[in-house]
Amino acid sequence: MWSKDMIMMLVEGTGDTLYMTLMSTLFGYILGLPMGIILTITDKDGIRPHAAVYKVLDFIVNLVRSIPFLILLILVIPLTRAIVGKSYGSTATIVPLVIAAAPFIARMVESSLKEVDKGVIEAAQSMGAGTFTIIWKVLLAEARTSLLVGVTIATGTILGYSAMAGTVGGGGLGDIAIRYGYYRYQSDVMIVTIVILVVLVQILQGLGMMISKKIDRRRA
């Protein structure tokens, strides 16, 4: 269990897992943040209501979120190959992770932005603030603490998804757990990978909550 090769494999697996998680979170927010903003402002109570846009985007978000990640992982293999050139490994896994994460992130962003006091929005509108100004200086600014908590939650969820990708050669700790802990019946390897995953989640969530509390104090 504690041979040099096994330790190096676990270290590399931890690095791959962090790589997949952080990159997928980044790209997930590049897609999910605008989606969440559009859902918020085009809702019937939003600053720019548009039923058609809201319904279409709402349907897409609900559709993708309803597909279990392992099934989605298989469904997007052709797209993954087209983008990355292969369907296995840590880099390839980022594609389905982003597709799965973006709608989830969009919902969290929508929820955070809808918590902003309508009085603040109305005050900005009464002073002649445009849509972009309200989005940037009111919605995102007022909801920044909630949004950061959402980033923490999303990162933990994506980390769990990355471990599931190990069932189809996705790389990282999940792949090690499947190959050694499941197929080779090495329960000690399985336990170690689980412990590392739990520690990673605790560290990432702890950092996220610490930063959100500091931002909240500055806001106060």
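1. The lining of the largest pocket is made up of six nonpolar, three polar and five charged residues. In this classification Ala, Val, Leu, Ile, Met, Phe, Trp, Tyr, Cys and Pro are nonpolar, Asp, Glu, Lys and Arg are charged, and the others, Gly among them, are polar. A pocket is defined on a 1 Å grid over the protein atoms alone, as an open set of points where a 1.4 Å probe fits, with protein on both sides within 12 Å along at least five of seven lines; lining residues have an atom within 4 Å of a point.

2. The largest pocket holds about 260 Å³ of space, a volume being the space filled by probe spheres set on the grid points, which are joined across faces, edges and corners. There are 14 lining residues, and D45, G46, I47, K118 and I121 are the closest to the pocket centre. Two elements, α1 and α6 (118–126), each give two or more residues to this lining. The largest share, four residues, is that of α6.

3. The model is predicted: local features need pLDDT of at least 70, side-chain atom pairs count only at pLDDT 80 or more, and totals for chains, interfaces and linings use all residues. Residues are numbered from 1 along each chain as its sequence is written, and side-chain values use heavy atoms, with hydrogens and water left out.

4. The protein has 10 helices and zero strands. Helices (H or I, at least four residues) and strands (E, at least two) are DSSP runs, numbered from the N terminus. The C-alpha trace spans about 70 × 40 × 25 Å along its principal axes.

5. Helix α1 (residues 4–42) packs on helix α2 (residues 51–65) at an angle of about 140°, and the two axes lie 9 Å apart. This makes α1 oblique to α2. Axes are lines fitted to C-alpha atoms, for helices over the stretch in contact, and angles run from 0 to 180 degrees between N-to-C directions. Angles under 35 degrees count as roughly parallel, over 145 as roughly antiparallel, 65 to 115 as roughly perpendicular and the rest as oblique. The contact (heavy atoms within 4.5 Å) involves M35, I38, L39 and T42 of α1 together with A51, V53, Y54, L57, D58 and V61 of α2. Its residues comprise eight nonpolar, one polar and one charged.

6. Helix α4 (residues 77–84) and helix α5 (residues 90–113) have axes 9 Å apart, at an angle of about 125°, and are therefore oblique to each other. From α4 the contact draws on L79, T80, I83 and V84, and from α5 on T91, A92, V95, P96 and I99.

7. How far apart are the axes of α6 and helix α7 (residues 131–142), and at what angle do the two pack? The axes are 11 Å apart and the angle is about 165°; α6 and α7 are therefore roughly antiparallel to each other. V120, I121, A124 and Q125 of α6 meet I134, V138, L139 and E142 of α7 in this contact. Six of the contact residues are nonpolar, one is polar and one is charged.
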